[in-house]
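Subject: Structure handover

Hello,

Here is the structure we talked about passing on. Please open it alongside this note. My findings follow below.

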Amino acid sequence: MDGTPRVFLTNPAVNSRVFGSLGETRTLGGAVNIAAFNLGIAVAPWVGGLLIDAGFGLEVTAWVGAAFAVAALGSTLLDRFLTRRHEAADPGYGRTVVSSRSEEVTAAHR
């Protein structure tokens, strides 16, 4: 079994992280998150194909996958560092705040 099905298991966890930390801008964050996944799905095979065409052989695809995995790990570690720094400076960072406007809209629809 290849690693493809297991990779998609990270999608809900990442979406949950994005939606939980962005507050009122979570719709835009979700769109950017999905766009980033799709970009990775398109760019990694393209880079692998370019390197195969350049004569590096099929083995290079493993190195391309490893490079993208290291980049993803680096962005995850950067996110954790920045989140902890923001939480230390602002204890309410990342908490969803319900604005009075959304309460008015909800009340109007009842």
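Which residues does Phe 68 touch, not counting residues up to four places away in sequence? Phe 68 touches Val 43 and Ala 44, where a contact means heavy atoms within 4.5 Å.

Ground rules first. This is a predicted model, in which local features need pLDDT of at least 70, side-chain atom pairs count only at pLDDT 80 or more, and totals for chains, interfaces and linings use all residues. Residues are numbered from 1 along each chain as its sequence is written, and side-chain values use heavy atoms, with hydrogens and water left out.

**Overall**

The chain has five helices and zero strands. Both kinds of element are DSSP runs numbered from the N terminus: helices are H or I with at least four residues, strands are E with at least two. Of the 110 residues in the chain, 11% are buried. Buried means under 20% relative accessible area, exposed means over 50%, and partly exposed lies in between (1.4 Å probe, protein chains only). Among contacts with a separation of 6 or more, 36% come from residues 24 or more positions apart.

**Helix α3**

α3 has 31 residues, which should span 45 Å at 1.5 Å a residue. The expected span is 1.5 Å times one less than the number of residues. The end C-alpha atoms of α3 are 42 Å apart, which agrees. Its buried residues are Gly 29, Gly 30, Asn 33, Ala 44 and Gly 48. They pack against α2 and α4. Just after α3, Gly 57 takes a positive phi of about 85°.

**α2 against α3**

The two axes come within 9 Å and cross at roughly 150°. Axes are lines fitted to C-alpha atoms, for helices over the stretch in contact, and angles run from 0 to 180 degrees between N-to-C directions. α2 and α3 are therefore roughly antiparallel, a label for angles over 145 degrees. From α2, the contact uses Thr 10, Asn 11, Val 14, Asn 15, Val 18 and Phe 19. From α3, it uses Arg 26, Gly 29, Gly 30, Asn 33, Ile 34 and Phe 37. By class, that is five nonpolar, six polar and one charged residues. Nonpolar covers Ala, Val, Leu, Ile, Met, Phe, Trp, Tyr, Cys and Pro; charged covers Asp, Glu, Lys and Arg; the others, Gly among them, are polar.

Asn 33 sits in α3. Is Asn 33 buried or exposed? Asn 33 is buried, with a relative accessible area of 10%. Leaving out residues up to four places away in sequence, Asn 33 touches Val 14, Asn 15 and Val 18.

**α3 against α4**

These helices pack at about 145°, with their axes 9 Å apart. From α3 come Val 43, Ala 44, Val 47, Gly 48, Leu 51, Ile 52 and Phe 56. They meet Val 60, Thr 61, Val 64 and Phe 68 in α4. This contact has nine nonpolar, two polar and no charged residues.

**Helix α4**

α4 covers residues 60–89 and reaches 44 Å from its first C-alpha to its last, close to the 44 Å expected. Val 60, Val 64 and Thr 83 are buried in α4. Their cover includes α2 and α3.

Phe 68 lies in α4. At 33% relative accessibility, Phe 68 counts as partly exposed. Phe 68 and Val 43 are 25 residues apart along the chain, and their C-alpha atoms are separated by 9.8 Å.

Best wishes

Notes
Parallel < 35°, antiparallel > 145°, perpendicular 65-115°, else oblique.
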